[in-house]
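Subject: Structure handover

Dear colleague,

Here is the structure to be handed over, with notes on what was found in it. Please read the notes beside the coordinates.

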Amino acid sequence: MRLAEEIDRRAAKHGLVMDILTEINIGGEDSKSGIPPQEVRDFCARLGTLRNVRLRGLMTIPPPSCGEERFAQMRGLFEDIKSGANLADAACFDTLSMGMSGDYEAAIKHGATIIRIGSGLFGYRRPAR
């Protein structure tokens, strides 16, 4: 929430409304940031109180080889927030970012509107040291 409040503060200085996604730690991995799934509804409702931030959707990077279960869970969270959260503009809640080169088909099957296919386009890259 601290980051969202800072974005809200800076956007207000410039007379802007910033579109954002809420990152969900769908796999509960210690190595990843994001909101735990059970806290998403409350967190999104709190975001709705900010005047210069517009929540456009959810994003996640699920654990490798998670199967389709996590994508289905994300779709459920997305639909739950869209239908029940206090969004300033529910029509703008339209983005579900999930899936990468190795699992994009399952992500699309479960409603992804944004996928990341970098290694599918550019090949595998070694992590920076």
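Asp19, Arg54, Arg56 and Asp94 are linked in a network of salt bridges, a salt bridge being a side-chain nitrogen of Lys or Arg within 4 Å of a carboxyl oxygen of Asp or Glu. This is a predicted model, so local features need pLDDT of at least 70 and side-chain atom pairs count only at pLDDT 80 or more, while totals for chains, interfaces and linings use all residues. Residues are numbered from 1 along each chain as its sequence is written, and side-chain values use heavy atoms, with hydrogens and water left out.

Salt bridges

The whole structure has nine salt bridges. Helices (H or I, at least four residues) and strands (E, at least two) are DSSP runs, numbered from the N terminus. Arginine 56 is partly exposed at 22% relative accessible area, and aspartate 19 is partly exposed at 37%. Here buried means under 20% relative accessible area, exposed means over 50%, and partly exposed lies in between (1.4 Å probe, protein chains only).

Two other salt bridges lie within helices. In helix α1 (residues 2-13), arginine 9 and glutamate 6 are three residues apart, about one turn of the helix, and their side chains meet at 2.5 Å, N to O. Arginine 9 is partly exposed at 40%, as is glutamate 6 at 27%. In helix α3, arginine 75 and glutamate 79 are four residues apart, again about one turn, with the closest N and O atoms 2.8 Å apart. Their relative accessible areas are 32% for arginine 75 and 33% for glutamate 79.

Nonpolar core

The largest nonpolar core has 24 residues, and those touching the most other members are Ile24, Val40, Leu47, Leu58, Met74, Leu77 and Met98. Such a core is a set of buried Ala, Val, Leu, Ile, Met, Phe, Trp, Tyr and Cys residues joined through side-chain atoms within 4.5 Å. Two or more residues come from each of α2 (40-47), β2 (53-59), α3 (69-84), β3 (95-100) and α4; α3 gives the most, with five. Leaving aside residues up to four places away in sequence, isoleucine 24 touches Gly34, Ile35, Pro37, Val40, Leu58, Met59, Thr60, Met74 and Leu77, where contact means heavy atoms within 4.5 Å.

Nonpolar surface patch

Tyr104, Ile108, Ile117, Leu121 and Phe122 make a nonpolar surface patch of about 520 Å². Patch residues have over 30% relative accessible area and no salt bridge, with like charges joined within 9 Å and nonpolar side chains (Val, Leu, Ile, Met, Phe, Trp, Tyr) within 5 Å. At least two patch residues come from each of α4 (104-109) and α5 (118-122). Leucine 121, in helix α5, is exposed at 60% relative accessible area.

Cysteines

The structure has zero disulfides, a disulfide being a pair of cysteine sulfur atoms within 2.5 Å. For cysteine 44, the closest cysteine sulfur is that of cysteine 92, 14 Å away and too far for a bond. Cysteine 44 is buried at 1% relative accessibility, and cysteine 92 is buried at 18%.

Regards

Notes. Accessible areas come from the Shrake-Rupley method with a 1.4 Å probe; for residues, only the protein chains shown count as cover.
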